[in-house]
Structure formats: C-alpha cells, structure tokens
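I opened a new structure today and wanted to get my bearings. These are my notes on what I looked up, in the order I went.

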Amino acid sequence: GNLTERLAKLQDSTQLADELYITLLNRHPTADEVADIGEYLKIVENKNQAVQEIAWAILTSAEFRFNH
C-alpha cells in the first residue's frame with residue numbers, strides 16, 4: 001500500500017502524525033501539529049480520506065515547497 005493507506009491503519013494519532021511528518025518533511029511534528037491532527041481525526045467520518053487530506057495539506061504547504 002501507499003503512505004496514506006499505511007497511516008490510516010494506525011490507531012494512535014501521535015504515531016500517525018510522527019510518521020507523516022518524518023516521511024514528508026523529514027522532521028518530527030510539533031506538539032501543536034500532533035494535537036491538530038488528533039483533533040481532526042476525532043471529528044472525521046472517513047479516516048482514510050482524512051489522512052489523504054492531511055498529507056495533501058503538508059505537500060502543498062510553504063514549508064514543503066521551499067525546503068524540499
């Protein structure tokens with residue numbers, strides 16, 4: 001499977017955020033970023049789609065564009 005499929009299987013949102021940020025930005029997420037992802041995952045109905053949206057948001061971020 002791909003990254004988002006693998007991450008959607010994780011139950012721990014902290015682990016999911018850490019894996020996502022390390023893979024895409026080559027750094028650990030801040031406490032605020034971990035909290036934001038955890039809160040978002042609590043309110044969504046489709047976790048697979050939510051993980052894809054989070055990954056896409058990171059890939060289109062200024063940090064990714066200018067640093068990678």
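**Salt bridges and helix packing**

I started with Glu19, which is partly exposed, with a relative accessible area of 31%. A reminder to myself: this is a predicted model.

Which residue does Glu19 pair with? I found its side chain in a salt bridge with Arg6, at 3.1 Å from N to O. The two belong to distant parts of the chain, with Arg6 in helix H1 and Glu19 in helix H2, 13 residues apart. I checked Arg6 too, and it is partly exposed at 43%.

Next I asked how many salt bridges the structure holds. The count is 4. Another one joins Glu63 and Arg27, at 2.7 Å from N to O. This pair also links distant parts of the chain: Glu63 sits in helix H5 (residues 62-67), Arg27 in the loop between H2 and H3, and they are 36 residues apart. Glu63 has 27% relative accessibility, so I noted it as partly exposed. Arg27, at 22%, also counts as partly exposed. I then saw that Arg27, Glu33 and Glu63 are linked in a network of salt bridges.

Glu39 and Lys42 form a salt bridge as well, at 3.6 Å from N to O. They are about one helical turn apart, because 3 residues separate them in helix H3. Glu39 is partly exposed at 47%, whereas Lys42 is exposed at 65%.

Then I turned to the helix packing. H2 (residues 13-25) and H3 pack at an angle of about 120°, with their axes 9 Å apart. That angle makes H2 oblique to H3. Their crossing is right-handed. I listed the contact: Ser13, Thr14, Leu16, Ala17 and Tyr21 from H2, and Glu33, Val34, Ile37, Gly38 and Leu41 from H3. By class I get 6 nonpolar, 3 polar and 1 charged residues.

How do H3 (residues 31-43) and H4 (residues 47-59) pack? Their angle is about 150°, and the axes are 9 Å apart. H3 is therefore roughly antiparallel to H4. This crossing is right-handed. H3 brings Ile37, Tyr40 and Leu41 to the contact, and H4 brings Lys47, Ala50, Val51, Glu53 and Ile54. Here I get 6 nonpolar, no polar and 2 charged residues.

My last stop was Thr4, in helix H1 (residues 3-8). Is Thr4 buried or exposed? Thr4 counts as buried, because its relative accessibility is 14%. Leaving aside neighbours within four places in sequence, I found Thr4 in contact with Val51, Gln52 and Ala55.

How values were computed
Residues are numbered from 1 along each chain as its sequence is written. This is a predicted model: local features need pLDDT of at least 70, side-chain atom pairs count only at pLDDT 80 or more; totals for chains, interfaces and linings use all residues. Side-chain values use heavy atoms; hydrogens and water are left out. Axes are lines fitted to C-alpha atoms, for helices over the stretch in contact, and angles run from 0 to 180 degrees between N-to-C directions. Helices (H or I, at least four residues) and strands (E, at least two) are DSSP runs, numbered from the N terminus. Angles under 35 degrees count as roughly parallel, over 145 as roughly antiparallel, 65 to 115 as roughly perpendicular and the rest as oblique. A crossing is left-handed if the near helix is turned anticlockwise from the far one by less than a right angle, and right-handed if clockwise. Contact means heavy atoms within 4.5 Å. Ala, Val, Leu, Ile, Met, Phe, Trp, Tyr, Cys and Pro count as nonpolar, Asp, Glu, Lys and Arg as charged, and the others, Gly among them, as polar. Buried means under 20% relative accessible area, exposed over 50%, partly exposed in between (1.4 Å probe, protein chains only).
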